[in-house]
Amino acid sequence: MVEAVSNALRNERLVLGESVFKFEEAFARYIGTKHAVSVSSGTAALSLALIALDVRDGEVLTSPFSFIATANAVVQAGGFPKFSDVSEKDYNMDPKKIKGNLTKRTKALLPVHLFGYPADMDKLMAISESQGLKVVEDAAQAHGAVYRGRKTGSFGDVGCFSFYSTKNMTVGGDGGMVTTDDEDIARLVSKLRDCGRTSRYVHDVVGFTARLNTANAAFGLVQLRHLDEWNERRRAIAALYSKLLEGEPQVISPLQGDKKVLPVFHLYAIRCQRRDELAEYLSSKGIECGIHYPVPIHLQPVYREMYGYAPGAYPISESLSSSLLSLPMFPALSDDEVKRVSEHLLDFYRRSSR
Ligand SMILES: Cc1ncc(COP(=O)(O)O)c(C=O)c1O
């Protein structure tokens, strides 16, 4: 990766150099879309996609249980973020709850493939088709995840990816990608990320400076070649955790996938009793866990203030916020380390039941 970056810095333009276009081509081929347009972050991917789909003054229905950027992008595109609660099984938007949250102003659905587990795209696409809604997939945590033989990010009008450093693949800094089969959307997003240019000093839309740097694209090209192998390792780690934790009734492990769904375990989040005490106990043993997400988006101060949301609006998301714990998960984690984490975790519950 360092060599690829160094070569790009020596031989290419710093901005919109050859590696950018090579990375876009390789990423589109990998996801299975006709086009991929690189941008400066996952948030930029979402907001430029929503601007290109013209959701201005309309509502975009999304998950309240995601990273805040999902909803922020809607606001940045001039739309209103509306929420629909998630399913207790896969933590993604629950198709059964969507119809009750649609209004005449709804323009698009914005499902999130949370923690690398694909949302129920058959049902979501059927709803969007019957209601005439656009679909933007937030695949920021789901590079390489598969649903019915197709990669996430290839179902909706647009797919959006983040390459932030904690993601399943990165570009050695911030970055993002928009995937689409629609040539007009691809062209518009390319223009929006590049100051709205049609040529060097001619601009026909109000654009942004939201390009991916050449050096980052060169880094991403190398990462992409490792992605499948890293995702495979994440699945093996997840399977081992689930096997080791199976007998503990106070822990619910995440879904492992089936014939229809191949998840990529961006995170391995267990639903557990006494979550905060467990996290503290593991931390005292030198095991750092994460909490995704301690506050659902609708209860973030800015969203309460802007839209008047209050506790109780999306009960499943609120309950997940206080019961999910993300265990260590990265491809370089060894089986012995997974066993150590699991043993300490089981010990915590054993001690407290004595
Ligand atoms: C679900 C989700 N959506 C959007 C984003 C935003 O991506 P970025 O941080 O690259 O702007 C992230 C990650 O940070 C994310 O996890």
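Modeller: Axes are lines fitted to C-alpha atoms, for helices over the stretch in contact, and angles run from 0 to 180 degrees between N-to-C directions. Helices (H or I, at least four residues) and strands (E, at least two) are DSSP runs, numbered from the N terminus. This is a predicted model, where local features need pLDDT of at least 70, side-chain atom pairs count only at pLDDT 80 or more, and totals for chains, interfaces and linings use all residues. Residues are numbered from 1 along each chain as its sequence is written.

Biologist: Thanks! Are helix 9 and helix 12 parallel or oblique to each other?

Modeller: The axes of helix 9 (residues 275-284) and helix 12 (residues 335-353) come within 10 Å and cross at roughly 130°. Angles under 35 degrees count as roughly parallel, over 145 as roughly antiparallel, 65 to 115 as roughly perpendicular and the rest as oblique. The pair is therefore oblique.

Biologist: And which residues of helix 12 meet helix 9?

Modeller: Contact requires C-beta atoms, placed from the backbone, within 7 Å. From helix 9 come Leu278, Tyr281 and Leu282, and they meet His344, Leu345 and Phe348 of helix 12. That contact has 1 polar, no charged and 5 nonpolar residues, and the residues on the helix 12 side are His344, Leu345 and Phe348.

Biologist: How does helix 8 lie against helix 12, roughly parallel or roughly antiparallel?

Modeller: Helix 8 (residues 214-245) packs on helix 12 with axes 10 Å apart and an angle of about 30°. Helix 8 and helix 12 are therefore roughly parallel.

Biologist: How many nonpolar residues are in the contact of helix 8 with helix 12?

Modeller: Ile237, Leu240, Tyr241, Leu244 and Leu245 of helix 8 face Asp335, Val338, Lys339, Ser342 and Leu345 of helix 12 across the contact. Leu345 also belongs to the contact with helix 9. For helix 8 with helix 12, the residues divide into 2 charged, 1 polar and, as nonpolar, 7.

Biologist: Which residue in strand 15 is the bridge partner of tyrosine 268?

Modeller: Strands pair if DSSP finds at least two bridges between them. An open antiparallel sheet of 3 strands runs in the order 12-14-15. Strand 12 (251-252) and strand 15 (324-327) each have a single partner strand, so one side of each lacks a neighbour in the sheet. Strand 14 (residues 268-272) joins strand 15 over 4 bridges, and there tyrosine 268 is partnered by leucine 327.

Biologist: Last one: which residue is joined to tyrosine 293 by a cis peptide bond?

Modeller: Most peptide bonds are trans. Tyrosine 293 sits in the loop between helix 9 and helix 10 (301-307). Omega is about 0° at the cis bond, and the partner is histidine 292.

Key
Two residues are in contact if their C-beta atoms, placed from the backbone, lie within 7 Å. Ala, Val, Leu, Ile, Met, Phe, Trp, Tyr, Cys and Pro count as nonpolar, Asp, Glu, Lys and Arg as charged, and the others, Gly among them, as polar.
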